[in-house]
Amino acid sequence: QVQLVESGGGLVQAGGSLRLSCAASGGIFSRYTMGWFRQAPEKEREFVAAGVWSDGRKYYADAVKGRFTISRDNVKNTVTLQMNSLKPEDTAVYYCAAATTAWNIRLMDAYDYWGQGTQVTVSS
């Protein structure tokens, strides 16, 4: 059983930056595809970014491409999401997720484990 714990959320002004971290335990971290999703109030949870480290592929939602960067540390068993040039529409609860598959990783159903989420609020 994999446990995921996110941290790093908070309140930031538009144009600012935040760095989210996700600490994983209970599994062989290097074998998992790791992803980030977000859910704004009254909206569906949506894909943000993911990394398949078996082959180095990284994927981003169009809304965050060029502003967000996903990375991981297989020694510390953490995955981070560096968020720059934040916009008010980035306001959401951000969730870390782990998948044993490398397919369809933009879809929630691909993921086996989820963190509890961390709030990101971007003021205008």
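This is a predicted model: local features need pLDDT of at least 70, side-chain atom pairs count only at pLDDT 80 or more; totals for chains, interfaces and linings use all residues.
Student: What makes the pair of Phe-37 and Phe-47 edge-to-face?

Tutor: Two values settle that one. The ring centres are 5.7 Å apart, and rings pair within 6.5 Å, so this counts as a pair. The planes stand at 80 degrees, and over 60 counts as edge-to-face, so that's the name it gets. The pair links distant parts of the chain, with Phe-37 in strand 4 and Phe-47 in strand 5, 10 residues apart. Phe-37 and Phe-47 are both buried.

Student: How many aromatic pairs does the structure hold, and which residues do ring pairs link into a cluster?

Tutor: There are five aromatic pairs. Ring pairs join Phe-37, Phe-47, Tyr-111 and Trp-114 into a cluster.

Student: How do you know that Arg-45 lies over the face of Trp-114?

Tutor: Arg-45 is 5.1 Å from the ring centre, and the distance limit is 6 Å, so that part of the test is passed. There is also an angle limit of 35 degrees from the ring normal; Arg-45 is listed as lying over the face of Trp-114. Arg-72 does likewise over Phe-29, at 4.3 Å from the ring centre.

Student: What makes strand 1 and strand 3 partners?

Tutor: They share five bridges, in the antiparallel sense. Pairing takes at least two bridges, so strand 1 and strand 3 qualify. Within that pairing, Leu-4 stands opposite Ala-24 in strand 3.

Student: Which strands form the open sheet, and in what order?

Tutor: Four strands, in the order 1-3-8-7, with antiparallel pairing. Strand 1 (3-7) and strand 7 (68-73) are the edges: each has a single partner strand, so one side of each lacks a neighbour in the sheet. From one strand to the next, the twist averages 15 degrees.

Student: Which residues have the most contacts inside the largest nonpolar core?

Tutor: Met-34, Trp-36, Leu-81, Met-83, Tyr-94 and Tyr-111, in a core of 38 residues. Among the elements giving two or more residues to this core are strand 3, strand 7 and strand 8 (78-83). Strand 9 gives the most, with six residues.

Note on methods. Residues are numbered from 1 along each chain as its sequence is written. Side-chain values use heavy atoms; hydrogens and water are left out. Axes are lines fitted to C-alpha atoms, for helices over the stretch in contact, and angles run from 0 to 180 degrees between N-to-C directions. A nonpolar core is a set of buried Ala, Val, Leu, Ile, Met, Phe, Trp, Tyr and Cys residues joined through side-chain atoms within 4.5 Å. Buried means under 20% relative accessible area, exposed over 50%, partly exposed in between (1.4 Å probe, protein chains only). Rings of Phe, Tyr and Trp (its six-membered ring) pair if their centres lie within 6.5 Å; planes under 30 degrees apart count as stacked, over 60 as edge-to-face and the rest as tilted.
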